[in-house]
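Have a look at the structure, then read on.

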Amino acid sequence: MAVEIIRSPSPVLPPDAGASTPDTGVSRPTNPTPSNVHNKLLEHVKAISMVEREPFLAPTYQIAPQPKPPKGAERYTQETGIGYEAPPFEGREHQMEQVMDKLEEKGFIPVEFVESETKWFYNELGIDDMYFQTETPDAIVSHILSLYAGKIAAYARDDHKLEIRLDKEAADHAVYIDTSTPGISLLDGPKYEDRIDEKYINISTTPEKSYRIESFRSDSQLPGGTDQKIRCYFVYKCHFANPNPNPDETNIDIIGEARFLQKATRNTKAIYQEAISNAVNRTGPVIEIVNVEGTMEKRLVIAYRQGSALGMFASLSHLYHWYGLTSSRKYVEQFSNGITVMSIYLRPLPKPVSSARHPPIDASIHQIMKEISLLYCVPQNKFSTHFASGRLSVQETIYAHCVWVFVGHFLNRLGSAYTSLLSVLDQNNSSHADMLSKIKRRLRTETFTSEYILDIIQRYPDLVHALYLAFANSHYVQTRGEHDDFLPTLSYLRLKVEKVLDDQELKALISKTALNEHDEMVFTAFRVFNSAVLKTNFYTPTKVALSFRLDPSFLPEVEYPQPLFGMFLVISSEFRGFHLRFRDVARGGIRIVKSRNREAYSINVRSLFDENYNLANTQQRKNKDIPEGGSKGVILLDWRQQDKARVAFEKYIDSILDLLLPPTSPGIKDPIVDLYGKEEILFMGPDENTADLVDWATEHARARGAPWWKSFFTGKNPKLGGIPHDRFGMTTLSVREYVKGIYRKLELDPSVVRKLQTGGPDGDLGSNEILLANEKYTAIVDGSGVLSDPEGINHEELVRLAKKRVMISEFDVSKLSKTGYRVLIDETNVTLPDGEVINSGTSFRNTFHLRDNQAYDSFVPCGGRPESIDLGNVDRLIKDGKSIFPYIVEGANLFITQDAKLRLEKAGCILYKDASANKGGVTSSSLEVLASLSFDDAGFLENMCVHADGTIPPFYVEYVKSVQETIKHNAQLEFEAIWRENEITKIPRSTLSDTLSLAITKLDEELQNSDLWHSVELRRSVLEDALPHLLLQKVGLNKIIERVPDSYLRAIFGSFLASRFVYEHGPNPSQFAFFDFMSKRMARMKGATQNLPIRQKQ
């Protein structure tokens, strides 16, 4: 995944040594900077020296420097410097005659100028013969007339400035010609490069709709004596000899486009061949610089996956313009294996034009190569106009873009008035809670919209400049002195003469500069961001997305009462995402959220962090039986990038690994400033839209050298040691224990229980619930629509769908009774058996669970969006003070809001919430992690990985059965504890679930940090009870203690004792209960007492 940089030796900028970075004065609430981090502000650049640099060649998933090539082995283009040679156009002279004849017929150009204008067009503009072969004489005449008209118009202007704007777009090709000053980005005018990006390059994602581009800048002087030159762009639809090659095919003669293969020189093909071979196995770009022999030109070659960097073509122009370079020729080539290659010939501006701030071309190229990976992360950032105009550097604009994302999520929009209202109203009063919820939602969506925040930031580039300098001062690191490959960018060096303001000085500057309170609030959030960032890959030489490890203590307690332990923010052009955890050792799934349209995306953006926080919090409560705390990761795809789920996931994972792993390859992955200063390990798993991606994440972590690669992701393929939740029904096993527990306590016959289920036979939880269920299904809702039959849905047909993992759209409706029906989401005006007309199948599906015209006994949500039932609609489920659902087991996470649960329970519903019922998957994942940590690599492959021939290790089979029994046992323990406490205290079960979780979590943390852990005898005794017997027999306790991290063993020790104690004695035990509990254990250790009910069942 790493961005690969291949280069011939080139000069670099050595900094002065010894200048230390002034203190920024930014107050960080926790995790002070480790003393070993050396941060330097470069105060002077005295000279630019030539330093030989080794080329780096990074394989697909392993980054390692390669030996330096022998002297003279640098690659050059051919002596002429031409990487493309169009085949001679035999009819060129004849075509010229035709064009001149037609021009004379037109009569617009004086006869005596026709020949000179025609020859100027054919010979002086750098246009090769491919254009003349493609265009008709009439089209060429039109272009020549347009250019001549531009000259006439320039003569009539006072400044004699020649302006030509010519474009022609046909079905299979396009031509754009305009005039511009080399090295200057135009903010107005036709913006042809932006148009080419949007209309041709961005959509080049399949061989059927791919376009190649050629661009030339003329060297000839234009009338008027200005610095302007003519720039031509030619776009051609691609024609591949092999449009559907093997995905891993890299042979350029097989995947190349016909015109490219015809025109490209052998040397160009060799350069592209190497770049493609490296790019095909990665997500990030491959970058190469080649010297053009006998010239000052440098050829920049970039290869990347099609569609992974939208807007890159125009953004690159802004980048090299910033460094005082211009291009003579540019090419964009598409290859049928999904790779795009850009080739740009760069040269310095002429001396009179070049500014003193522009360094020599070698230094500029060095910096451009570094900044391409930054640009690749967000090619079209929200502040690119400031970059194009030269007002802000690329680093400053991308920094502003990232903080804009941060501000949109975390600006304190509720204010003191909401806090005061919160203290006055009674949140236990349902009407008060409903009003607070609505006020909170409205304040968040209407006070500071993303557009409003963007508009504020746009108006203060000088404040962005000052705040960026403080950020850079904290996170830029230099590691190897004079020969440091990770040199500061030139725009950073330009900041050396300015004072780095500390936090108080920045506060004063913002207060002085901001025109109103809202502007000041936005830029105060910049200061919060700077103070919260503990580490970032922003200055890592190679990256594919921008990641920030944040100290979450800035979150207001009134909005987020449960404090987070850690927070990651990840930003790319395809997505934005978070990873949140409530403990150091924590685990949870990674989900990808998609949006149907721009409006849905706007809603998802506003709820992204809160949904992530609530999911992680739910995970924290449901993880009460396991050593890991709760975490969750959410990736929100940009509304224009809904087909980029895999690309987004890969970038998300790789950029987080940048912050978890130590650097291994100088110049590619260099050290970062780590203000956290401690090792971090994240444990992740599959969730919505990521189940098929976890294998890649596991392999990628191993390839990047993560020592914990085996435990990084759970739910992976059994060939990698995974225990798939869906295959073994892990999540459903826990849900079923709660459903069965209710039937057992109330002595119900399941076969007559009328059941509604959301989440159909195509999903993990829904399909396994159907396969394990023995109730009378009367309605099922899934992604395709609604299936209902008051007489009972045919069970055999449901089982068929569940085994096949398909939606109810494939249900055989002939097996429904006369009162049964199916309504699909794309259906309209459907008449139900009782005569009711359904206007919209989609609306009917979305609100079916709220209908009260059908009798049910049990409701088991196994799918659906969070907060499908909330205070705003829960009253529809209550009739005459009674819940229409007597029993609810919430299998789907966050399906019902807590306040709605309380309303339902008050109306008589027996309800078990998600944090209790849906914990089978986390238990399975935890035990999968434990096995991966306990075995060494060889033992793991032998005992936990299904072999290549499909052979399943006997240990794996037995271990899966052990996991299933543990899930059922833990669910039974909690079910009984909640039922018992509810009967004694009458406290709602959904409240007791949280109370139990908090009690277990609190006691767990106390036990981990108590002297009990230091008793070796007790520690070993608890671990022998808590660890699966199969692991103890296979690996042995001593080896497990040796291999499993101490923090993880502490967590096992604490969680096991805490959960067993609270399940037995409740969340509010007497002061002697724990003493009695531990006395029995100690007595058993000494052999005085036998058969106490403490040992965990396996």
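**An aromatic pair, and what lies around it**

Phe 1074 is partly exposed at 22% relative accessibility, on a scale where buried means under 20% relative accessible area, exposed means over 50% and partly exposed is in between (1.4 Å probe, protein chains only). Keep in mind that this is a predicted model: local features need pLDDT of at least 70, side-chain atom pairs count only at pLDDT 80 or more, and totals for chains, interfaces and linings use all residues. Residues are numbered from 1 along each chain as its sequence is written, and side-chain values use heavy atoms, with hydrogens and water left out.

**Rings**

- Rings of Phe, Tyr and Trp (its six-membered ring) pair if their centres lie within 6.5 Å, with planes under 30 degrees apart called stacked, over 60 edge-to-face and the rest tilted; the count by this rule is 65 aromatic pairs.
- Phe 1061 and Phe 1074 make an edge-to-face pair, 5.1 Å centre to centre with 85 degrees between the planes.
- Phe 1061 sits in helix H38 (residues 1046-1065) and Phe 1074 in helix H39 (residues 1073-1085), so the pair ties together parts 13 residues apart in sequence; helices (H or I, at least four residues) and strands (E, at least two) are DSSP runs, numbered from the N terminus.
- Phe 1061 is buried, at 4% relative accessible area.
- A charge sits over a ring if NZ of Lys or CZ of Arg is within 6 Å of the ring centre and within 35 degrees of the ring normal: Arg 329 does this over Tyr 345 at 3.7 Å from the ring centre, and Arg 549 over Tyr 676 at 4.7 Å.

- Helix H12 (residues 394-410) has 17 residues and should span 24 Å at 1.5 Å a residue, which agrees with the 24 Å between its end C-alpha atoms; the expected span is 1.5 Å times one less than the number of residues.
- Of the 17 residues in H12, 16 are buried.
- Helix H19 (residues 517-532), with 16 residues, reaches 22 Å from first C-alpha to last, close to the 22 Å expected.
- Buried residues of H19 include Phe 523, Phe 526 and Phe 529, and their cover includes H12, helix H16 (461-475) and strand S11 (546-550).
- At the start of H19, a side-chain oxygen of Asn 516 comes within 3.1 Å of the backbone nitrogen of His 518.

**Nonpolar cores**

- A nonpolar core is a set of buried Ala, Val, Leu, Ile, Met, Phe, Trp, Tyr and Cys residues joined through side-chain atoms within 4.5 Å.
- In the largest core, of 104 residues, Tyr 399, Phe 523, Phe 538, Phe 548 and Phe 609 touch the most other members, and H12 gives the most to this core, with eleven residues.
- A second, separate core of 101 residues includes Trp 709 and Ile 910.

**Lys 632**

- Lys 632 lies in strand S15 (residues 629-637) and is buried, at 4% relative accessible area.
- Its side chain makes a polar contact of 2.5 Å with that of Asp 687; such a contact is a pair of N or O atoms within 3.5 Å, where within protein one must be able to donate a hydrogen and the other to accept it, and residues adjacent in sequence count only if both atoms are side-chain atoms.

**Positive phi**

- Glu 747, not a glycine, has a positive phi near 55 degrees and is exposed at 74% relative accessibility.
- Asn 829 has a positive phi near 50 degrees, and is exposed at 54% relative accessible area.

Conventions:
Contact = heavy atoms within 4.5 Å.
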